[in-house]
Each structure stands twice: as structure tokens, then as C-alpha cells.
Amino acid sequence: GTFDAAEAWRVHDALGELPPETRVSLDFREVRAFHDFAIALLARDLLARQGRVEANGLCQPQRRILRYFGVDEAGLGDACAEEGRDSRALREDVGDYLGP
């Protein structure tokens, strides 16, 4: 579904209930829409639990926002499944308009 502010606060609250040393893997592979504010909240939690929370399934736009907030790419886990397919298709489409 959608990762919005309400969902980000739910993740934040759930992480807050865990002991600080707990390692957590978040799976975003089923999420189709991300709200920027929710990604900002997620960044705060990822930074607070440096190296103990891995976020899997985020695509390039979300990963870029997290990097802007200082989140290390190494802690983001696997990229979304469509990453390779979508970026290749985009390059081909852009190439059609730009010419050789």
C-alpha cells in the first residue's frame, strides 16, 4: 500500500518498544506509494539505530531522500525489485528523445 506519516509513526513506535540493541529488518517491497514526510521520519529512526535497522525494498527516490538525511547506503539493504528494469526502460525512453 502506502507508506505515509501514520505508517512511519507506527514503525517508530514499534522500534521504540524494542531493546536498543535489537536488529530489525523492514520490508518495503509491497509499498507502492511513499510520502516524503514518512521517509524523513524513517531516516530519523535509521540514524538513531545506526546499523541495527535495515530497510529493504526501497527504490532509488526513497534511497536518495534517505541519503540526503545522512543515512548510509549500506544500511538500506536490497533495492526494490523493479529498480533494474525500470531504470533501463527509462534510459531507453530518454535515448529516443535525445537521439544518438
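This is a predicted model: local features need pLDDT of at least 70, side-chain atom pairs count only at pLDDT 80 or more; totals for chains, interfaces and linings use all residues.
View 1. Helix H3 itself runs over residues 60-68, and its buried residues are Gln62, Arg63, Ile65 and Leu66. Look down the axis of H3 and these buried residues fall within an arc of 160 degrees, so they line one face of the helix.

View 2. Glycine 70 follows H3, and its phi is positive, near 100 degrees. Phenylalanine 69 sits in the loop between H3 and helix H4 (83-98). Its relative accessibility is 44%, so phenylalanine 69 counts as partly exposed, a label for values between 20% and 50%. Together with Leu47 and Tyr68, Phe69 makes a nonpolar surface patch of about 340 Å².

**View 3. Phe3 meets Phe34 edge-to-face.** The rings of phenylalanine 3 and phenylalanine 34 are 6.2 Å apart, centre to centre, with 65 degrees between their planes. Phenylalanine 3 belongs to strand S1 (residues 2-3) and phenylalanine 34 to strand S3, so this pair ties together parts that are 31 residues apart in sequence. Both fall under the 20% cut-off for buried: phenylalanine 3 has a relative accessible area of 4%, and phenylalanine 34 has 17%.

View 4. Phenylalanine 28 and phenylalanine 34 form a tilted pair, 6.1 Å centre to centre with 50 degrees between the planes. Phenylalanine 28 is buried, and so is phenylalanine 34.

How values were computed. Residues are numbered from 1 along each chain as its sequence is written. Side-chain values use heavy atoms; hydrogens and water are left out. Buried means under 20% relative accessible area, exposed over 50%, partly exposed in between (1.4 Å probe, protein chains only). Helices (H or I, at least four residues) and strands (E, at least two) are DSSP runs, numbered from the N terminus. The arc is that of the directions from the helix axis to the C-beta atoms. Patches are made of residues with over 30% relative accessible area and no salt bridge: like charges are joined within 9 Å, nonpolar side chains (Val, Leu, Ile, Met, Phe, Trp, Tyr) within 5 Å. Accessible areas come from the Shrake-Rupley method with a 1.4 Å probe; for residues, only the protein chains shown count as cover. A salt bridge is a side-chain nitrogen of Lys or Arg within 4 Å of a carboxyl oxygen of Asp or Glu. Rings of Phe, Tyr and Trp (its six-membered ring) pair if their centres lie within 6.5 Å; planes under 30 degrees apart count as stacked, over 60 as edge-to-face and the rest as tilted.
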